Amino acid sequence: MSDYIVSARKYRPDSFETLIGQDNIAKTLKNSIQRGQLAHAYLFCGPRGVGKTSAARIFAKTINCANPGADLEPCGECESCRSFQEGRSYCIHELDAASNNGVDDIKALMEQVQIPPQVGRYSVYIIDEVHMLTQSAFNAFLKTLEEPPAHAIFILATTEKHKIIPTILSRCQTYDFNRISVPDIVRNLSDIASKEGIKIDSESLHVIAQKADGAMRDALTIFDQTVAFCGNDIRYADVIRNLNVLDYEYSFKLVDAFLAGDYATALLAFDEILGKGFNALHFVTALSSHFRDLLVSRTGGLDALLDLPDSLKARYREQASRCSVKFLYDALGVTTACEAGYRNSANQRLHIEYALMKLSFLSVAPDSRGSSDQSELRSAHPSQAAAWAPPVHVATGGHGSDGPTTVAKSGATEVKIEQKRTPRKPSSLSLSSLMDEEEISVEPVEEKVEKAEALPGDDVIADKWQELAAAQSAQPRLSNALSSAKLNIREDAGVKVVEFAVTNEAQKKWIEERILRTLESQFSKILSCGKIRLEPTVVPEEAQEEKKYMPAEKAEDLISRNEEVRNLVTDLGLDVK
């Protein structure tokens with residue numbers, strides 16, 4: 001046990017070649033060494049675990065190596081390299097500014113800087129977490145940092161560049177370290193696993209890499225933890241259980257339920273996730289990421305944006321092919337809105353469940369109450385249903401966009417039956433079973449053809465518009481807005497387009513997203529014409545009448561518009577204020 005070394009230390013980079021994910025910085029430092037253009041101060045900044053301190057040590061080791069290779073890698077055989085590997089080098093000095101951040105600590109460092117190196121050409125001073133120095137310590141450090149001895153090189157490392165004072169920044173060459181990409185982390189972990197004789201699949205490696213969030217040190221720590229839990233044979237199920245990561249199977253299952261309009265399955269899956277102890281907000285975030293990956297998978301040429309193993313990419317493409325772009329776009333809108341309102345919700349579970357139901361109804365509209373009541377009535381009283389339904393003879397017709405169309409005859413009446421499919425499958429092919437499972441509208445064939453050919457006149461549309469406004473009595477604001485809206489009626493490709501003006505962009509957007517299709521359906525029934533399209537527009541501000549709020553303003557406006565009122569005020573000598 002005493003011989004065990006954690007992977008973060010055992011496989012710490014010791015050359016520019018083994019520095020992961022920072023190729024541009026490694027190339028720049030090697031070029032500066034090759035040309036003999038070494039600065040006296042460097043600033044390495046970036047997130048944790050990306051190789052800042054490791055790069056500083058490699059740089060210090062290389063510039064003091066007596067026999068560097070052709071690619072400027074340390075030889076590992078000279079006295080300087082051996083002393084560095086054994087931890088007894090007097091050319092490299094490390095200071096932790098988090099615990100040595102006072103003026104006295106910096107003064108002691110300044111005295112040490114004056115001593116030339118015993119082996120090698122340069123004394124390298126690596127100050128880690130330099131942003132922790134106090135203001136007084138920074139000021140004491142300034143002069144030496146600007147004009148150090150010829151043998152001294154300072155390398156400052158920090159995760160919070162914005163906390164370093166500008167006078168320090170102006171004296172350093174700054175190198176910004178990037179987060180390490182998921183493929184680079186996966187590749188390095190795979191190499192380490194093969195060296196250690198550990199069997200691990202690519203999906204498990206991707207989970208570890210994504211959990212590390214761009215930090216190689218964190219990835220190695222998680223890897224060691226996983227090995228301790230699973231042993232030398234690591235499986236995906238054990239990894240997600242050990243790291244408490246939500247299985248992607250839930251996301252695939254939920255999207256299938258959304259596409260089928262099965263909100264019950266979605267709610268049960270959410271209850272199961274909560275039962276396993278997962279955070280509800282993290283679940284919504286994972287669902288948003290899944291929709292994002294589906295949208296990327298559905299669009300060709302964006303595979304580089306997916307940090308997924310190849311086996312999962314194929315599965316994402318398969319599910320994405322069954323989703324429309326509009327569905328994915330609307331789904332992302334629902335999940336992001338759910339995330340934004342989660343913390344302010346009084347009932348957070350209901351908040352998420354409502355979002356799941358909205359997602360279930362994106363592709364399939366919920367059944368109306370009336371049709372479901374009729375289905376229950378017919379199933380509960382089959383004798384009454386048989387008495388209600390006249391004898392019909394059905395002949396199959398063509399297929400429209402919503403479902404198959406049939407022509408049925410009942411006595412002398414010929415009707416056309418349009419069937420709109422729902423996700424449930426009928427148990428049989430009889431007409432009664434189809435009526436139980438589908439929404440059926442029956443219209444006379446001859447009458448519908450006649451109405452489709454004749455468009456209503458502009459005067460008729462204008463007269464009937466008030467009926468549409470009155471039909472919205474349950475929503476007074478909408479009814480008033482429609483009643484007072486100015487209409488612009490035109491014909492476009494055999495369709496009557498009715499433009500109606502609203503007061504602002506927010507009102508227009510609400511009507512388009514929530515109720516426009518319903519208004520079109522209602523107006524088409526009022527006009528007995530299916531070729532009607534409604535388009536809300538916004539009245540320009542300059543064209544809007546100035547609203548009157550005060551009683552005196554309203555009275556003056558009434559007097560100016562009505563001559564009889566004006567005469568009454570004059571005759572009676574009324575004072576309007």
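Colleague: What should I know before I start?
Modeller: The model is predicted, so local features need pLDDT of at least 70 and side-chain atom pairs count only at pLDDT 80 or more, while totals for chains, interfaces and linings use all residues. Residues are numbered from 1 along each chain as its sequence is written, and side-chain values use heavy atoms, with hydrogens and water left out.

Colleague: At what angle do helix 9 and helix 10 cross?
Modeller: Roughly 135°, and the axes of helix 9 (residues 202-212) and helix 10 come within 8 Å. Axes are lines fitted to C-alpha atoms, for helices over the stretch in contact, and angles run from 0 to 180 degrees between N-to-C directions. Helices here are DSSP runs (H or I, at least four residues), numbered from the N terminus.

Colleague: What does that make helix 9 and helix 10 to each other?
Modeller: Oblique. Angles under 35 degrees count as roughly parallel, over 145 as roughly antiparallel, 65 to 115 as roughly perpendicular and the rest as oblique.

Colleague: Which residues make the contact of helix 9 with helix 10?
Modeller: I208, K211 and A212 of helix 9 meet D218, A219, I222, F223 and T226 of helix 10. Contact means heavy atoms within 4.5 Å.

Colleague: Now helix 10 and helix 11. How do their axes cross?
Modeller: At roughly 115°, coming within 10 Å; helix 10 is residues 216-230 and helix 11 is residues 236-243. Helix 10 and helix 11 are therefore roughly perpendicular.

Colleague: Which residues touch there?
Modeller: I222, Q225, T226, F229 and C230 come from helix 10, and D238, V239, R241, N242 and L243 from helix 11.

Colleague: New topic. How far apart are the end C-alpha atoms of helix 14?
Modeller: They are 27 Å apart. The 19 residues of helix 14 (residues 280-298) should span 27 Å at 1.5 Å a residue, so the two agree. The expected span is 1.5 Å times one less than the number of residues.

Colleague: Which residues of helix 14 are buried?
Modeller: Among them are A280, L281, F283, V284 and L287. Buried means under 20% relative accessible area (1.4 Å probe, protein chains only).

Colleague: What do the buried residues of helix 14 pack against?
Modeller: Helix 12 (248-260), helix 13 (263-275), helix 15 (310-320), helix 16 (325-342) and helix 17 (348-360).

Colleague: Last pair. How do helix 22 and helix 23 pack?
Modeller: Helix 22 (residues 458-470) and helix 23 (residues 476-483) pack at about 170°, with axes 8 Å apart. That makes helix 22 roughly antiparallel to helix 23. W465, Q466, A469 and A470 of helix 22 touch S479, L482 and S483 of helix 23.

Terms used: Helix = DSSP H or I, 4+ residues; strand = E, 2+ residues; numbered from the N terminus. Buried < 20%, exposed > 50% of the residue type's maximum accessible area, 1.4 Å probe, protein only.
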